[in-house]
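Visitor: I have the sequence and the model open side by side. Could you walk me through a few parts of it?

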Amino acid sequence: MKAAAFDYVRADSIAHALDLLEQQGGEAKLIAGGQSLVPMMAMRLARPAMLVDINRIAELKTISGAPMAVTLGGGVRQRDIEDSAELGAQLPLVRKALHWVGHQQTRNRGTVGGSLAFADPSAELPLAALVLAAKLHLQSQADGERVLEAKDFFLGPMVTALGETECLTAIDWPLWSGPRQAAAFEETAIRHGDFAMASAACQLQFDVAGRVSRASFGLGGVSGTPLVFPVLAQQLLGQHLAPALAQEVAQAAARECDPGSDMHAGAPYRRHLAAVLLARVLQQAAAQAVAG
């Protein structure tokens with residue numbers, strides 16, 4: 001199929017883009033990388049009356065660091081993070097998640113904000129945002145700016161709290177301080193670059209005795225939104241993360257999932273896969289932290 005007819009306008013500022021969204025009353029869509037929107041338009045799952053191109057808005061491409069967080073503009077290319085050794089060191093989980101996003105060509109065009117705004121349950125960056133408790137800056141002409149935590153942003157499969165006349169302008173990614181921390185991300189798909197049947201992510205920190213001092217982990221592709229497990233993470237604190245404990249926690253997390261079934265895998269298999277992947281990333285992160 002081909003996309004339905006639409007008007008096209010290139011915005012030259014955030015204010016211009018918000019003005020166009022307001023004028024269209026929910027009938028316009030923002031486009032930056034287009035890696036999610038264009039396929040949806042081709043299948044006529046999305047039929048905007050207008051595309052507002054925000055590619056040339058410099059404000060959306062800024063990257064700034066602070067003692068407690070790195071702020072990425074919504075239009076920052078995924079490839080920019082992959083290519084930055086500094087960002088890779090500051091945001092190791094995001095860097096590892098991006099390895100699994102589509103293919104190199106996808107990441108060359110895809111933006112951080114676009115992946116979050118479309119909220120595919122199998123997408124990698126929404127899972128990373130939940131695990132790291134990212135904060136998302138949303139802006140509209142009528143109401144100005146509001147900031148939402150990732151846990152309040154993702155509402156369902158490809159459904160978010162982003163209003164029809166709002167733009168996701170920036171994302172704050174919290175930084176963990178101190179030594180002996182590590183992150184890991186794994187997923188399984190039919191082919192590399194395909195949508196994940198299940199994915200798992202974690203970031204851990206250990207004290208000098210090798211006990212867990214901070215933990216956050218989650219699963220993707222096994223529910224309508226990515227999932228995090230703060231109660232289970234709390235149970236790891238003060239403990240040595242032996243393989244048996246990692247498997248026990250992973251099994252408990254998998255029991256909280258509600259995966260669907262399709263031609264590639266049934267719900268029981270996806271739940272089993274989620275437990276295997278989560279146990280694996282927990283053990284990988286623990287091994288990395290111990291190795292220094």
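Guide: Gladly, and please keep in mind that this is a predicted model. A place to begin is Ala-69, which stands opposite Pro-174 in strand 10, and this belongs to the antiparallel pairing of strand 5 with strand 10, which extends over five bridges.

Visitor: Which other strand is joined to strand 5 by bridges, and how many are there?

Guide: Strand 4, residues 63-65, is joined to strand 5 by three bridges, and the two run antiparallel. Ser-64 stands opposite Thr-71 of strand 5, and the two strands form a hairpin that has three residues between them.

Visitor: Is strand 5 mostly covered or mostly open?

Guide: Strand 5, residues 69-73, is mostly covered, with four of its five residues buried.

Visitor: Switching to helix 1, which residues are buried there?

Guide: In helix 1, which spans residues 14-24, the buried residues are Ile-14, Ala-17, Leu-18, Leu-20 and Leu-21. They lie on the same side of helix 1, because they cover an arc of only 160° around the axis.

Visitor: Why would residues a few places apart point the same way?

Guide: An α-helix has 3.6 residues a turn, so residues three or four places apart point the same way.

Visitor: And what covers that buried side, and what sits on the face turned away from it?

Guide: The buried residues of helix 1 are covered by elements that include strand 1 (7-10), strand 2 (28-31), strand 3 (50-53), strand 6 (135-140) and strand 10 (166-174). The face turned away from the buried side carries the exposed residues Ala-15 and Gln-23, and just after helix 1, Gly-25 takes a positive phi of about 60°.

Visitor: What about Thr-111, buried or exposed?

Guide: Thr-111 is found in the loop between helix 6 (104-109) and helix 7 (112-118), and it counts as buried because its relative accessibility is 4%, where the cut-off is under 20%.

Visitor: What is Thr-111 in contact with?

Guide: Leaving aside neighbours within four places in sequence, Thr-111 is in contact with Ala-32 and Gly-33, and also with Gly-74, Gly-75, Val-76, Arg-77 and Gln-78.

Definitions and conventions: Residues are numbered from 1 along each chain as its sequence is written. This is a predicted model: local features need pLDDT of at least 70, side-chain atom pairs count only at pLDDT 80 or more; totals for chains, interfaces and linings use all residues. Side-chain values use heavy atoms; hydrogens and water are left out. Buried means under 20% relative accessible area, exposed over 50%, partly exposed in between (1.4 Å probe, protein chains only). The arc is that of the directions from the helix axis to the C-beta atoms. Contact means heavy atoms within 4.5 Å. Two strands pair if DSSP finds at least two bridges between them.
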